[in-house]
Amino acid sequence: MIDAQAGVDRPRALPHRTLTAMTSTTAPRLTNLLGMSRQQMEAFFLSIGEKKFRAAQVMKWIHIEGCDNFAAMTNLSKALRTRLSEVAEVRGPGVVYEGSSSDGTRKWVLEVEDGSYVETVLIPADDGKRRTLCVSSQVGCSLDCSFCSTGKQGFQRNLTAAEIIGQVWVAQRSVGPRRDTANRPVTNVVMMGMGEPLMNYDNVVPAMKLMLDDDGYGLSKRRVTLSTSGVVPMIDKLGDEIDVSLAISLHAATDELRSELVPLNRKYNIRSLLDACHRYLAKCADTRMITIEYTLIKDVNDQQAHAEQLAALLKELPCKINLIPFNPFPHSGYEKPSRNQQMRFQQWLYDLGYTAHIRTTRGDDIDAACGQLVGRVKDRTRRHERYIQSIQIDAD
């Protein structure tokens with residue numbers, strides 16, 4: 001169980017489904033339909049002797065109505081409903097905790113197949129019209145950015161497409177079915193939760209296609225955003241397959257500093273990353289901008305010289321800048337800049353001709369803010385163990 005920040009009352013934990021262990025004498029495992037793309041769903045129905053159009057019917061029940069009971073899918077024949085119950089299931093992640101912040105942010109801790117926990121967060125806009133779901137792509141994170149507590153948990157594995165889209169499914173079912181398209185429970189999705197999405201490309205892209213599908217979640221490609229630390233070859237591959245909005249976790253304007261903050265920069269430097277961004281925009285079907293994410297860290301990257309370096313670096317790239325105040329966690333060695341310093345940095349960028357928005361910290365009272373997401377990770381990298389050892393050595 002993930003504990004919320006000390007002193008915060010936890011809402012009652014929701015029950016979650018207990019999966020019965022399979023033995024050699026039981027029937028073969030049922031096919032989970034939750035993570036299937038339209039093409040996969042059509043192939044499934046053909047494989048059981050049904051017409052392809054059944055795929056659209058069942059997709060609507062699963063993703064629009066939030067239904068996991070074949071018996072309730074009343075526009076299917078009784079024989080088909082019976083057949084589906086024999087060979088298939090709709091199995092989402094188990095909910096082990098659901099909490100609400102004082103600012104309206106909601107967080108779910110979800111149990112996935114191997115007993116690991118991942119987190120997903122629903123962030124309402126102040127005007128109440130936009131509800132953005134922050135979705136995880138990995139158990140832990142395969143990268144280790146120095147300012148992010150998620151990375152300190154280590155890494156276990158990639159999430160499946162069903163486990164990724166299952167986060168959207170759980171959040172939508174909790175808020176309400178998507179019958180009223182003018183008042184959707186989830187209006188935007190950002191792949192900014194636990195993990196590096198482009199290190200799990202083969203599962204992330206099918207899940208995003210379900211988010212865009214009209215028989216799935218019907219989101220505009222401008223309302224689905226993938227955030228990456230800069231896996232350059234996969235940015236190029238992504239642009240060949242789908243043109244969702246792209247966000248780049250930059251955080252520094254020089255290779256020297258960025259390599260300290262984002263170790264991936266040692267493999268794919270800033271110049272190669274920005275070149276990949278230009279190629280991605282050229283493949284988009286409409287005019288688009290890249291979102292540059294820049295975590296402001298006191299006395300590390302928040303001075304006027306850093307703003308000037310950033311402005312010079314981005315002058316050829318159509319972009320907007322999100323300034324993210326660092327969210328402290330124990331033993332990070334970093335501090336959040338003062339509010340005045342954050343506003344000074346924003347003003348320096350304005351004066352240099354850039355649109356820069358300071359992201360409001362949301363959900364920090366339930367550890368749901370940017371960089372605070374953690375789970376239960378069976379860390380096969382031993383990164384978390386080494387991190388704890390380094391803290392103990394420093395303490396001595």
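Two residues are said to be in contact when they have heavy atoms within 4.5 Å of each other. In this predicted model, local features need pLDDT of at least 70 and side-chain atom pairs count only at pLDDT 80 or more, while totals for chains, interfaces and linings use all residues. Residues are numbered from 1 along each chain as its sequence is written, and side-chain values use heavy atoms, with hydrogens and water left out.

Among contacts in the chain with a separation of 6 or more, 68% join residues 24 or more positions apart. The chain holds 11 helices and 14 strands, taken as DSSP runs numbered from the N terminus (helices: H or I, at least four residues; strands: E, at least two). Of its 396 residues, 55% are buried, where buried means under 20% relative accessible area and exposed over 50%, with partly exposed in between (1.4 Å probe, protein chains only).

Helix 1, residues 38-47, is a friendly place to begin a closer look. Its buried residues are Met41, Phe44 and Phe45. They lie on the same side of helix 1 because they cover an arc of only 95° around the axis, the arc being that of the directions from the helix axis to the C-beta atoms. Exposed Gln39 and Ser47 sit on the face turned away from that buried side. The cover over the buried residues of helix 1 includes strand 1 (31-32), helix 2 (54-64), helix 3 (78-87) and strand 2 (88-89). After helix 1 comes glycine 49, with a positive phi near 80°.
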